Amino acid sequence: MDGYPEPLLRELVGTVLRAERRRQGRTLSQVAELAGISMQHLSDVERGRKDPSSELLAAITGALGLDIPRLLLRIAGDASFAPMPGRPLVLDLSAEGGRGPVAAPGRSLGPVSSPGLTLLAAA
């Protein structure tokens, strides 16, 4: 791509799982107990340090009231617009684009209120 490493799937999974748990106002302890795993293991999965097996992922998503297809859709949606650390978010608004970050340079649309966000128009 453009010199930045792509996020690992385990990092994307962990980010969405943690966001959902927090959205529900639940603790690591509560979700870990329902999933039948330790708090430390759940924390490692949420931080992207452990690759969850399909069985473990099903247990965690079940404890959160999600299913794996919805989790994957959320990962795809979040990954399309989530900037990586040290990497500015670039949205392509050209007729061919509009699908999330792009590496190609483009014309700036002017000042943007969010730091690290660049909008591109058709070149």
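In helix H3 (residues 39-46), the buried residues are Leu42, Ser43, Asp44, Val45 and Glu46, where buried means under 20% relative accessible area, exposed means over 50%, and partly exposed lies in between, using a 1.4 Å probe and protein chains only. Helices here are DSSP runs of H or I with at least four residues, strands are runs of E with at least two, and both are numbered from the N terminus. The structure is a predicted model, in which local features need pLDDT of at least 70 and side-chain atom pairs count only at pLDDT 80 or more, while totals for chains, interfaces and linings use all residues. Residues are numbered from 1 along each chain as its sequence is written, and side-chain values use heavy atoms, with hydrogens and water left out.

The cover over the buried residues of H3 includes H1, H2 and helix H4 (54-64), with contact meaning heavy atoms within 4.5 Å. Leucine 42 lies in helix H3 and is buried, with a relative accessible area of 1%. Setting aside neighbours within four places in sequence, leucine 42 is in contact with Leu28, Val31, Ala32, Ile37 and Ile60. From leucine 42 to isoleucine 60 there are 18 residues in sequence and 8.1 Å in space, C-alpha to C-alpha. Aspartate 44 is also part of helix H3, and it counts as buried because its relative accessibility is 12%. With neighbours within four places in sequence again left aside, aspartate 44 is in contact with Arg49 and Lys50. Just after H3 comes glycine 48, which takes a positive phi of about 75°.

The packing of H3 against H2 can be followed next. The axes of helix H2 (residues 28-35) and H3 come within 9 Å and cross at roughly 105°; axes are lines fitted to C-alpha atoms, for helices over the stretch in contact, and angles run from 0 to 180 degrees between N-to-C directions. H2 is therefore roughly perpendicular to H3, since angles of 65 to 115 degrees count as roughly perpendicular, those under 35 as roughly parallel, those over 145 as roughly antiparallel and the rest as oblique. On the H2 side, Leu28, Ser29, Val31 and Ala32 meet Met39, Leu42, Ser43 and Glu46 of H3. This contact divides into 5 nonpolar, 2 polar and 1 charged residues. In this scheme Ala, Val, Leu, Ile, Met, Phe, Trp, Tyr, Cys and Pro count as nonpolar, Asp, Glu, Lys and Arg as charged, and the others, Gly among them, as polar.

H1 also packs against H3, with axes that come within 7 Å and cross at roughly 115°. Here Arg10, Gly14, Thr15, Leu17, Arg18 and Arg21 of H1 meet Ser43, Val45 and Glu46 of H3. By class, the contact of H1 with H3 has 2 nonpolar, 3 polar and 4 charged residues. H1 itself has 15 residues and reaches 21 Å from its first C-alpha to its last, close to the expected 21 Å; the expected span is 1.5 Å times one less than the number of residues. Its buried residues are Val13, Gly14, Val16, Leu17, Arg18, Glu20 and Arg21. Glycine 25 follows H1 and has a positive phi, near 70°. In the segment before helix H1 (9-23) lies leucine 8, which is partly exposed, with a relative accessible area of 39%. Leucine 8 and glycine 48 are 40 residues apart in sequence, yet 8.0 Å apart in space, C-alpha to C-alpha.

Apart from neighbours within four places in sequence, isoleucine 60 is in contact with Leu17, Ala35, Ile37, Leu42 and Val45. Threonine 61, found in helix H4, counts as buried at 2% relative accessibility. Not counting residues up to four places away in sequence, threonine 61 touches Leu17, Leu66, Asp67, Ile68 and Leu71.

Finally, the whole chain can be viewed together. The protein has 5 helices and 3 strands, which run α-α-α-α-α-β-β-β from the N terminus on. Of its 123 residues, 30% are buried.
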